[in-house]
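Reader: I'd like a close look at one part of this model, the charged pairs, and then whatever surrounds them. Could you walk me through that in one go?

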Amino acid sequence: MNNDASSRPSLRYAAVTFDCPDPVELSRFYAEVLELPVLYSTDDFVLLGEEGSAGLGFNRLADYRRPTWPDPSQEKQAHLELGVDDLDEAQTWLLDRGAVAPATQPEPDRWRVLLDPAGHPFCVTTLA
């Protein structure tokens with residue numbers, strides 16, 4: 001593990017993203033409730049927020065199953081998004097600290113999916 005502070009990339013909290021069956025529909029709800037504008041949108045992903053601030057993302061999951069909380073039979077679906085200036089630099093730095101890069105990367109030019117040491121997915125992105 002490399003702990004050299006001089007090579008530390010700039011990391012900032014960018015967003016929490018919720019998996020859902022329809023990101024446009026769910027984002028409309030939160031946009032109204034929180035009075036947040038759309039910062040970025042595709043058919044499969046919507047990011048709400050104010051420029052320069054952490055946002056709230058919604059990601060289409062084809063086989064989405066609604067959480068059954070507090071019944072643990074279907075856990076909650078959310079993950080952190082960390083904003084970075086350089087995807088490669090940040091990924092390398094995070095891997096040196098124990099993150100794992102899964103083989104599947106949906107849009108590696110926009111964001112990288114990594115797994116924390118306990119296996120929870122999180123993303124690094126240049127979008128925020």
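Author: R110 and E107 form a salt bridge, with their closest N and O atoms 3.4 Å apart. This is a predicted model, so take that distance as a computed one. R110 is partly exposed, with a relative accessible area of 32%, and E107 also counts as partly exposed, at 32% relative accessibility.

Now R112. Its salt-bridge partner is D88, and the closest N and O atoms are 3.0 Å apart. R112 sits in strand β6 (residues 111-115) and D88 in helix α2, so this bridge ties together parts that are 24 residues apart in sequence. R112 is buried, because its relative accessible area is 13% and the cut-off for buried is under 20%.

Another of the pairs is D44 with R60, whose side chains meet in a salt bridge at 2.8 Å, N to O. This one links distant parts of the chain: D44 is in the loop between β2 and β3, while R60 is in strand β4, 16 residues apart. D44 counts as partly exposed at 40% relative accessibility, and R60 is partly exposed too, with a relative accessible area of 32%.

Strand β3 (residues 45-48) runs antiparallel to β4 and is joined to it by four bridges. F45 has N59 in β4 as its bridge partner. The two strands form a hairpin with six residues between them, and G49 in the turn has a positive phi of about 155 degrees. Strand β1 (residues 11-20) also pairs with β4, this time in the parallel sense over six bridges. There, V16 stands opposite L56 in β4.

F122 is in contact with R112, and its other contacts include H79, L82, L94, A99 and L114, leaving aside neighbours within four places in sequence. F122 also belongs to the largest nonpolar core, which has ten residues: L82, V84, L87, A90, W93, L94, A99, L114, F122 and V124. At least two residues of this core come from each of β5, α2 (87-96) and β7 (121-125). The largest share, four residues, is supplied by α2. A second, separate core has six residues, among them C20, A31, L48 and L56.

P121 is partly exposed, with a relative accessible area of 41%. Not counting residues up to four places away in sequence, P121 touches H79, L80, V113, L114 and L115. The C-alpha atoms of P121 and H79 are separated by 6.3 Å, although the two are 42 residues apart along the chain.

A few spots elsewhere are worth a look. F29, in helix α1 (residues 23-34), is partly exposed with a relative accessible area of 47%. Together with V33 and L34, F29 makes a nonpolar surface patch of about 290 Å². E35 has a positive phi of about 50 degrees although it is not a glycine. E35 is found in the loop between α1 and β2 (38-41) and counts as exposed at 68% relative accessibility. By contrast, Q74 is buried, with a relative accessible area of 19%, and is found in the loop between β4 (55-60) and β5 (78-84). Q74 touches R65, R66, P67, T68 and W69, not counting residues up to four places away in sequence.

How values were computed: Residues are numbered from 1 along each chain as its sequence is written. This is a predicted model: local features need pLDDT of at least 70, side-chain atom pairs count only at pLDDT 80 or more; totals for chains, interfaces and linings use all residues. Side-chain values use heavy atoms; hydrogens and water are left out. Patches are made of residues with over 30% relative accessible area and no salt bridge: like charges are joined within 9 Å, nonpolar side chains (Val, Leu, Ile, Met, Phe, Trp, Tyr) within 5 Å. Accessible areas come from the Shrake-Rupley method with a 1.4 Å probe; for residues, only the protein chains shown count as cover. A salt bridge is a side-chain nitrogen of Lys or Arg within 4 Å of a carboxyl oxygen of Asp or Glu. Buried means under 20% relative accessible area, exposed over 50%, partly exposed in between (1.4 Å probe, protein chains only). Contact means heavy atoms within 4.5 Å. Two strands pair if DSSP finds at least two bridges between them. A nonpolar core is a set of buried Ala, Val, Leu, Ile, Met, Phe, Trp, Tyr and Cys residues joined through side-chain atoms within 4.5 Å.
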